[in-house]
Each structure stands twice: as structure tokens, then as C-alpha cells.
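Please look at the sequence and the structure below. A short report follows.

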Amino acid sequence: MFWIATAISGSYGGFSALARVRRHPSRFRCAVTINGVSDIPHLGTSADFADAKNAAETFSELIGDLKTEREKLIEVSPAYHLAEIDTPILVVYGDKDRRVDPDNAHRLLLLLELYGKEHQGLLIPGASHSPTREQWIDTAPYLRAFLAKYLETDALLPPGKQQP
């Protein structure tokens with residue numbers, strides 16, 4: 001078996017980061033989901049594309065039918081399997097995200113708390129699904145500190161700084 005330091009990505013990649021630590025819990029020291037999907041059935045009713053006329057049909061074709069395949073969608077949704085995840089998770093989200101509603105992050109954070117899982121939440125105020133360059137610059141120190149803590153290195157911190 002091989003070992004990977006972290007799983008970090010956004011949107012569908014944020015879902016993938018959570019799915020990877022669920023599937024291979026011993027391979028990761030930490031995970032970061034940025035505006036990531038954790039609850040697929042919830043995404044199907046809350047995302048911006050849910051407002052579109054043919055949204056349910058398109059969602060059904062691409063991801064799965066919310067009525068007839070709900071159990072399958074729950075099975076692959078990390079939010080329903082947090083008991084299986086012991087990897088520390090940073091949940092980064094914007095409060096103006098219409099693609100992956102901020103409620104997805106709120107629910108994930110509440111469930112992580114409920115299960116007593118090691119986690120942190122980071123709200124990017126005013127951020128949509130794609131944060132601006134300035135918002136990323138403001139977020140970088142928090143992301144760097146999280147990674148430094150769980151990767152057990154100060155190498156990711158600016159010179160002269162140490163882990164909190």
C-alpha cells in the first residue's frame with residue numbers, strides 16, 4: 001500500500017477528496033474540500049442548475065435520478081458515511097456560492113461535529129463558487145496552517161512562523 005499526504009480539491013474535486021479519504025482512510029493525513037459536494041441528493045435540489053427547466057432530467061442523466069436512485073446517491077455521498085472517516089477535514093466554502101449551496105458545507109460541518117470528527121470550517125465571506133484572487137490570497141494562510149499542522153511540518157508556513 002502507498003501513502004499520500006493529503007487530498008485537496010474543490011467542487012467535484014472536493015467531493016472526490018472526501019470520497020478518497022472514505023475509501024482509503026489510512027492513506028491520508030488530512031483532506032480539504034473547497035466548495036465541495038458532500039451530499040449529492042441535496043445538490044440536486046439546491047444548486048443553481050436546479051432552477052433550470054430541465055434540471056431534474058439533466059441531473060438524472062448525468063448523476064442519478066433523485067427519486068428512483070436515491071439510495072445509490074446516498075451510498076456515494078460522503079456526508080452519509082462520516083462515521084467511516086477519521087481523517088481531519090478542512091471545509092472551505094463561500095457564502096455566495098450558488099453551484100454548491102453553502103448549506104452543503106453547513107450540514108457537513110454539523111455532521112462532522114456530531115460524529116466528533118477532527119475538522120475545521122473556513123467561510124470565505126462574499127465568495128461565489130469560484131473565489132476571486134483576493135479571496136484566495138486571504139484564505140491561503142488558513143489553508144497553509146491547516147496543512148502544516150496535519151502534515152507535521154513548518155515547511156509550508158512563511159519564514160519565522162510556527163504552527164499554532
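Is Tyr12 buried or exposed? The model is predicted.

## Strands and crossover

Strand β1 covers residues 6–10, and strand β2 covers residues 30–34. The two strands pair in the parallel sense. Their pairing runs over 5 bridges.

From β1 the chain goes through helix α1, residues 12–23, and on to β2. This β-α-β crossover is right-handed.

The structure holds 2 aromatic pairs. Tyr12 and Phe15 form one of them. The pair is tilted, with 35 degrees between the planes. Centre to centre, the rings of Tyr12 and Phe15 are 5.5 Å apart.

Both residues lie in helix α1. Tyr12 and Phe15 are 3 residues apart, about one turn of the helix. Tyr12 counts as exposed because its relative accessibility is 60%, and the cut-off for exposed is over 50%. Phe15 has 11% relative accessibility, so Phe15 counts as buried; the cut-off there is under 20%.

Helix α6, residues 133–150, holds both Phe146 and Tyr150. They are 4 residues apart, about one turn of the helix. Phe146 is buried. Tyr150 is buried too.

## The cavity

How many cavities of 30 Å³ or more does a search of the whole structure find? The search finds 1. For the largest cavity, the volume is about 30 Å³.

Which residues line the largest cavity? The lining consists of Thr33, Asn35, Gly36, Val91, Val92, Tyr93, Asn104, Ala105 and Leu108. Two elements give two or more residues to this lining: β3 (89–94) and α5 (102–114). By residue class, the lining divides into 5 nonpolar and 4 polar residues. No charged residue is part of the lining.

Methods. Residues numbered from 1 in each chain as written. Predicted model: local features only at pLDDT ≥ 70, side-chain atom pairs only at ≥ 80, totals over all residues. Heavy atoms only, no water. 1 Å grid on protein atoms, 1.4 Å probe; cavity = no way out; pocket = protein on both sides within 12 Å on 5 of 7 lines; lining within 4 Å. Points joined across faces, edges and corners; volume = space filled by probe spheres on them. Nonpolar A, V, L, I, M, F, W, Y, C, P; charged D, E, K, R; others polar. Pairing = 2+ DSSP bridges. Right-handed = clockwise from strand over helix to strand, strands pointing away. Phe/Tyr/Trp six-rings, centres within 6.5 Å; stacked < 30°, edge-to-face > 60°. Buried < 20%, exposed > 50% of the residue type's maximum accessible area, 1.4 Å probe, protein only.
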